[in-house]
Amino acid sequence: MLHSDFHMHSNFSGDSKAALGHMVHGAVARGLNTICFTDHNDPSFPYPCEEEIGMFDLDTERYMNSLIQTADLYKDKIDIRRGVEIGIQKHIYQELSEYINKYAFDFVIGSSHLCQGMDPYYPQFWKDRSQKECLQSYFEDIRTNVHNFTDYDVYGHLDYVVRYAPTQNKDFRFSDYSDILEDILKTIIEKGKGIEVNSAGFRQGLNAPNPCADILKLYRSLGGEILTTGSDAHKPEDIAFGYDKLEPLLLSCGFKYYTIFKARKPEFIPINK
């Protein structure tokens with residue numbers, strides 16, 4: 001069984017309205033025993049409209065203090081860890097490193113929410129290029145990041161870009177990108193990092209997690225072992241969404257363990273435990 005959700009957001013992220021306590025209650029109701037809040041911090045995010053400016057700038061001091069208080073309040077019901085999801089861009093590597101090393105996080109997700117300064121969420125990213133070219137450029141950005149930046153624990157939702165592709169994952173062919181994905185995964189493994197499997201794809205029309213089964217199988221075949229599970233929930237009802245599908249999928253991909261983190265150190269939990 002999967003008893004942890006290591007990708008959860010609260011109203012400390014500008015795209016969520018859920019209080020920490022409401023998210024905790026949702027996790028307890030789903031029978032989880034360990035969770036990690038990973039609210040967004042995306043420095044240098046190119047906000048498309050003025051009213052959104054700052055929505056991904058995390059008030060980290062208040063966030064960490066609130067997490068400590070919340071963890072103490074619910075300590076008899078659930079184990080709450082302190083994490084963050086950072087948006088990696090090559091021109092802010094140093095800024096991100098200084099930020100991560102300033103705080104006592106248990107866990108850090110490094111994610112690519114932008115490619116060439118554009119968010120795939122918006123149509124502009126897909127304009128005047130083929131879908132294949134857009135996907136290729138996204139994976140090339142990730143390759144640059146994993147070769148040059150190491151202040152994270154797992155890379156988040158590696159094929160996040162397909163969530164917002166014009167045809168989503170319907171025209172995604174793993175073989176078109178297998179060489180670059182293999183390089184990305186080998187580098188992640190060589191540097192002692194891991195990846196997450198993010199179940200949000202099950203509720204966003206993909207009928208698959210991010211990354212997809214082909215990427216998960218490749219990661220495992222290359223010797224990848226560090227694998228966290230997360231729902232990317234921004235509201236209580238989405239916590240652990242799709243875990244009923246995720247568990248057999250991970251077993252079919254060759255995984256016997258999933259991973260949780262404490263003080264940036266991995267702990268491996270048997271899936272069948």
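The largest nonpolar core has 85 residues, and those touching the most other members are Ile35, Phe37, Ile86, Phe139, Ile184, Leu216 and Leu250. Helix H4 (residues 131–148) gives the largest share of this core, six residues. A nonpolar core here is a set of buried Ala, Val, Leu, Ile, Met, Phe, Trp, Tyr and Cys residues joined through side-chain atoms within 4.5 Å. Buried means under 20% relative accessible area, exposed means over 50%, and partly exposed lies in between, with a 1.4 Å probe and protein chains only. In soluble globular proteins, nonpolar side chains tend to be buried together.

The model is predicted: local features need pLDDT of at least 70 and side-chain atom pairs count only at pLDDT 80 or more, while totals for chains, interfaces and linings use all residues. Residues are numbered from 1 along each chain as its sequence is written, and side-chain values use heavy atoms, with hydrogens and water left out.

Leaving aside neighbours within four places in sequence, Ile35 is in contact (heavy atoms within 4.5 Å) with Asp5, Phe6, Met8, Val24, Ala27, Ile78, Asp79, Ile80 and Arg81.

Now take the whole chain. The chain has seven helices and nine strands; these are DSSP runs numbered from the N terminus, with helices (H or I) of at least four residues and strands (E) of at least two. Of its 273 residues, 56% count as buried. Among contacts with a separation of 6 or more, 75% are between residues 24 or more positions apart. The C-alpha trace spans about 50 × 45 × 35 Å along its principal axes.

The loop between strand S5 (154–155) and helix H5 (178–190) contains Phe174. Phe174 is buried, because its relative accessible area is 19%. Not counting residues up to four places away in sequence, Phe174 touches Leu181, Asp214, Ile215 and Leu218. From Met1, Phe174 is 173 residues away in sequence and 28 Å away in space, C-alpha to C-alpha.

Some backbone angles deserve a look. Most residues other than glycine have a negative phi, and most peptide bonds are trans. His157, in the loop between S5 and H5, is not a glycine but has a positive phi of about 25°. His157 counts as buried, at 1% relative accessibility. Gln168 lies in the loop between S5 and H5, and its phi is also positive, near 50°. At 18% relative accessibility, Gln168 counts as buried. A cis peptide bond, with omega about 0°, joins Asn210 and Pro211. Pro211 sits in the loop between strand S6 (194–198) and helix H6 (213–221).
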